[in-house]
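Dear colleague,

Here is the structure for you to look over. My notes on what was found in it follow below.

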Amino acid sequence: LVRSRGLGDVYKRQGGFCDLHWGEPLNQIKQEYRMKLLGYSYGMARYWVLIPDAHGEMYLQGPVMAKACFYEGRLLSITIFMNGGFEERVRHISHRYGTPRRFEGLYVWEGPYTTMLLGQDDKGITLMMLSNVLKKIRM
């Protein structure tokens, strides 16, 4: 890992999903949400997080089970697994975030704080939201 400052210095309170924000400490999220440890890989802790109500974020309503990844105890990515119409999801997200790039079967939206990837396989639709801080970390 190469960096000149602590990770807390490069995080902004912008980006994330619902009330989960990039750089938010794991201990703080544990106090506010039901979580279950999935395991560790590549220096990251992975958890299931139950979000009680998505409030329309990413066009989702009601409870959402998300996979959250933490590096050095701070939130870096959120993955949501969905069913439904894939092309409809692409249209909804594009309406809000603009035209995506296509990369190896994925739709990719890049913003100043977040990169989103939307893909589909035989199990359903996957939306991965990544903090752009990941681009600065070497694992």
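Asn 27 sits in helix α2; helices here are DSSP runs of H or I with at least four residues, strands are runs of E with at least two, and both are numbered from the N terminus. With a relative accessibility of 56%, Asn 27 is exposed. On this scale, buried means under 20% relative accessible area, exposed means over 50%, and partly exposed is in between, with a 1.4 Å probe and protein chains only. The C-alpha atom of Asn 27 is 7.7 Å from that of Gly 73, although the two are 46 residues apart along the chain.

This is a predicted model, in which local features need pLDDT of at least 70 and side-chain atom pairs count only at pLDDT 80 or more, while totals for chains, interfaces and linings use all residues. Residues are numbered from 1 along each chain as its sequence is written, and side-chain values use heavy atoms, with hydrogens and water left out.

Gln 28 belongs to helix α2 as well. Gln 28 is partly exposed, at 31% relative accessibility, and its C-alpha atom is 9.9 Å from that of Gly 73, 45 residues away along the chain. The side chain of Gln 28 makes a polar contact of 3.2 Å with the side chain of Glu 24. A polar contact is a pair of N or O atoms within 3.5 Å; within protein, one must be able to donate a hydrogen and the other to accept it, and residues adjacent in sequence count only if both atoms are side-chain atoms. Glu 24 itself lies in the loop between β2 and α2 (26-32). It is a charged residue, yet Glu 24 is buried, at 2% relative accessible area.

Overall content

The protein chain has three helices and ten strands, in the order α-β-β-α-β-β-β-β-α-β-β-β-β. It has 139 residues, and 43% of them count as buried. Of the contacts between residues at least 6 apart in sequence, 49% join residues at least 24 apart, where contact means heavy atoms within 4.5 Å.

Ala 66 is in strand β5 and is buried, at 0% relative accessibility. Apart from neighbours within four places in sequence, Ala 66 is in contact with Tyr 47, Trp 48, Val 49, Ile 51, Ile 78, Thr 79 and Ile 80. Its C-alpha atom lies 6.4 Å from that of Ile 78, twelve residues along the chain.

Thr 79 is in strand β6 and is also buried, at 3%. Beyond residues up to four places away in sequence, Thr 79 touches Ala 66, Lys 67, Thr 126, Leu 127 and Met 128.

Two residues with positive phi

Glu 72 is in the loop between β5 (64-71) and β6 (74-82). Its phi is near 50°, a positive value in a residue other than glycine, and Glu 72 is partly exposed, at 43% relative accessible area. Glu 104, in the loop between β7 (101-103) and β8, has a positive phi of about 45° and is not a glycine either. Glu 104 counts as exposed, at 72%.

The largest pocket

The largest pocket has a volume of about 260 Å³. Its lining has 16 residues, and those nearest the centre are Gly 15, Gly 16, Tyr 97, Thr 114 and Met 116. Two or more lining residues come from each of β1 (16-17), β2 (20-21), β8 (106-110) and β9 (114-121). A pocket is an open set of points on a 1 Å grid over the protein atoms alone, where a 1.4 Å probe fits, with protein on both sides within 12 Å along at least five of seven lines; lining residues have an atom within 4 Å of a point. Grid points are joined across faces, edges and corners, and the volume is the space filled by probe spheres set on the points. The lining divides into nine nonpolar, five polar and two charged residues; Ala, Val, Leu, Ile, Met, Phe, Trp, Tyr, Cys and Pro count as nonpolar, Asp, Glu, Lys and Arg as charged, and the others, Gly among them, as polar.

Thr 114 is in strand β9 and is buried, at 15% relative accessibility. A polar contact of 2.8 Å joins its side chain to that of Trp 22.

Regards
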